Amino acid sequence: MVRIGCINIDTSHPRAFNEIFCRGDRARYVAVYNDGFRSDGEVEGFMKLCGIKRRAQSVEEVAQQVDVGFIQGCNWDKHLSYVEPFFRLGKPVFLDKPMVGCLRDVQKLRAYVEQGAVILGSSCMRYAPAIVDFLALPEEERGKIVSVHSTCGVDEFNYAIHAVEAIGGLLGRGAVSCQYVGGGEVDGIRGETYAVQYASGAVASYGMTYGQWQKSAVHVLTTKKTYALEPAGYENMLERVIASVETGQAQTAPVEDILESILIMLAGRISRARGGARVALAEIPPEDPGFDGDAFEREYAASAKPLYAQ
């Protein structure tokens, strides 16, 4: 049985993941530490849901009790502060999406990996059956990918990262630049679109709406056909994460692949600020502030409804 330690219960993911784990006997949440916005009552509710007997008083305490840490707070700016205790004990960490939100933290995460940290994650879109099944088709049958258009809705980073991760799952690493195409508003709902150029010659675009949830969807244009995909579901991702812990061999995407999705969105953000100028991923300024995790946490907490109350 893989013992999982949960760090923060901000989002619906811990609850949804627990439901999946409870369908089998391979993994369980066995410890929790919370310093996020969820109340003590919600923490107690989560503990009851998972059968956790005692609340941990520190991340270090959780790391000592488990086989893997699941860092699931909504504030990506805090994520790396939780990695160190697990790293010191040689234990893997699942970093929920988005892993980090600025170039400075991208570089810190790279350094952790270079020093031997095992980082698993991050968006379920990479591992969705629709994408896995598409990639399993012989290339001579489906053709080579020419372009990908990926969409979802809610916000510009926390949820839109799913759209970019779906692109990464299909095209792999190799993005060169990102460009803000434009935005508009219909009936009070704002939407934006960005274009990504790949070294292979392929192009991708991603679009999102603000304040309006949209089911993730991907259109793939190949040299032979057009495919409409609806990537969804946590099961495939969690299967890979748990298998990684069981075998000691990471079966999720390389961290550098996942970080490329973040770099794409950082470049897109800069492009928007520059009026749509194309921004190379390699030229993101070191001082760029990136996406503000603290501000997102405040907004998320202000509108969040109870998820784990007893």
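The lining of the second largest cavity splits into three nonpolar, three polar and four charged residues, with Gly counted as polar and Tyr as nonpolar. This is a predicted model, where local features need pLDDT of at least 70, side-chain atom pairs count only at pLDDT 80 or more, and totals for chains, interfaces and linings use all residues. Numbering starts from 1 along each chain as its sequence is written, and side-chain values use heavy atoms, leaving out hydrogens and water.

A cavity here is a set of points on a 1 Å grid over the protein atoms alone where a 1.4 Å probe fits but cannot get out, and lining residues have an atom within 4 Å of a point. Two cavities of 30 Å³ or more turn up. Helix 10 gives its lining the largest share, four residues; Arg 126 and Asp 257 are among the lining residues.

The largest cavity comes to about 50 Å³. Helix 10 (255-273) again provides the largest share of the lining, four residues. Six lining residues are nonpolar, one is polar and four are charged.

Pairing takes at least two DSSP bridges; strands 3 and 4 have three, and Phe 70 is bridged to Phe 94.

Definitions and conventions
Helices (H or I, at least four residues) and strands (E, at least two) are DSSP runs, numbered from the N terminus. On a 1 Å grid over the protein atoms alone, a cavity is a set of points where a 1.4 Å probe fits but cannot get out, and a pocket is an open set with protein on both sides within 12 Å along at least five of seven lines; lining residues have an atom within 4 Å of a point. Grid points are joined across faces, edges and corners, and a volume is the space filled by probe spheres set on the points.
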